Amino acid sequence: MAMLYEEIASASLKRGYHTLVATTHDDPDRERENGDVLLQRRVDGLVLTTARTDGGFSQDLADKGIPHVLALRTYGDSSAAVGDDRLGGYLATRHLIDLGHRRIALIAGPSYASSALGRRAGYEEALREAGLPVDETLIIPSSFSMESGEDAGQHLLGLASRPTAVFAVNDNTAIGFLAAVQRAGLRVPEDLSIVGYNDIPLASRLAVPLTTVRVTFDAIAATAVDQLIDLIAGVPASTRTFAPTLIPRRTTVRAT
């Protein structure tokens with residue numbers, strides 16, 4: 001999120017606008033409270049990165065006709081700038097399948113986020129395409145935090161038949177999973193392969209650089225800002241989707 005916020009601020013400044021950032025920790029009550037405070041201060045519009053599948057605050061904004069754009073996640077008819085999460089989930093899982101892995105777990109993220117749901121859909125599509133079963137015991141709900149990735153890792157590593165590879169919904173959960181692997185006395189990629197998502201700067205600088213799916217945060221941010229400025233001017237804006245890219249590094253190897 002910090003990477004996206006920086007890109008939004010940069011893109012806004014180029015268009016003659018200034019940004020204020022309010023963090024919510026994915027808490028819908030805090031999102032509504034912070035949004036209301038910003039609107040009371042008469043901001044021109046809002047970019048939300050916290051859209052939920054139940055609508056919530058983004059639906060309130062749509063109902064009131066307040067200019068807003070969603071970034072990274074979608075909901076309803078609100079304009080959005082997002083990555084193709086289904087494609088990204090497919091690319092990550094297909095990469096592991098092509099390396100010969102057949103028992104692939106998913107640290108799935110929260111069910112209220114369209115991004116997590118899209119990545120799960122891509123994971124399941126790749127498995128089915130390869131003739132592999134979608135094993136619900138290998139799909140572990142999580143948040144987007146390192147702590148939840150570590151918790152998911154402890155669960156997966158405790159299975160009687162543990163996976164040989166893992167796709168984590170984002171790089172934070174992947175890093176948490178790596179901590180669980182180290183605590184268990186195992187090694188990546190010798191004992192397990194793992195793919196993350198987003199390609200945050202830390203991913204390439206880990207002791208074992210993380211294979212991940214790169215999201216074009218700069219393009220998403222610039223598009224969200226352009227969409228919002230159009231909406232402020234009364235010009236309709238449509239949702240735009242950007243393709244992610246698989247970045248193979250050293251946390252994935254051929255299954256033995």
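## A patch of negative charge

Patches are made of residues that have over 30% relative accessible area and no salt bridge, with like charges joined within 9 Å. In this predicted model, D27, D29, E33 and D36 gather on the surface in a patch of negative charge.

## Salt bridges between helices

Side chains of opposite charge can pair when their charged atoms come close. In this structure the count of salt bridges comes to 14, and the pairs described here are among them.

D60 forms a salt bridge with R32, and the closest N and O atoms of the two are 2.6 Å apart.

Another salt bridge joins R86 and E125, whose closest N and O atoms are 3.0 Å apart. Here too the pair links distant parts of the chain, with R86 in helix α4 (residues 85-98) and E125 in helix α5 (residues 114-129), 39 residues apart. R86, at 44% relative accessibility, counts as partly exposed, and E125 is likewise partly exposed, with a relative accessible area of 32%.

Which side chain meets that of E124 in a salt bridge? The partner is R128, and the N to O distance in this salt bridge is 3.7 Å. E124 and R128 both lie in helix α5, where they are 4 residues apart, or about one turn of the helix.

Are E124 and R128 buried or exposed? E124 counts as buried, because its relative accessibility of 14% falls under the 20% limit for that class. R128, by contrast, is exposed, with a relative accessible area of 54%, a value that lies over the 50% limit. Through salt bridges that share partners, E124 and R128 are joined with R120 and E136 into one network.

Methods: Residues numbered from 1 in each chain as written. Predicted model: local features only at pLDDT ≥ 70, side-chain atom pairs only at ≥ 80, totals over all residues. Heavy atoms only, no water. Patch = residues over 30% accessible without salt bridge, like charges linked within 9 Å, V, L, I, M, F, W, Y side chains within 5 Å. Areas by Shrake-Rupley, 256 points an atom, 1.4 Å probe, with all protein chains shown as cover. Salt bridge = Lys/Arg side-chain N within 4 Å of Asp/Glu carboxyl O. Lys, Arg positive; Asp, Glu negative; His and termini not counted. Charge placed at Lys NZ, Arg CZ, Asp CG, Glu CD. Helix = DSSP H or I, 4+ residues; strand = E, 2+ residues; numbered from the N terminus. Buried < 20%, exposed > 50% of the residue type's maximum accessible area, 1.4 Å probe, protein only.
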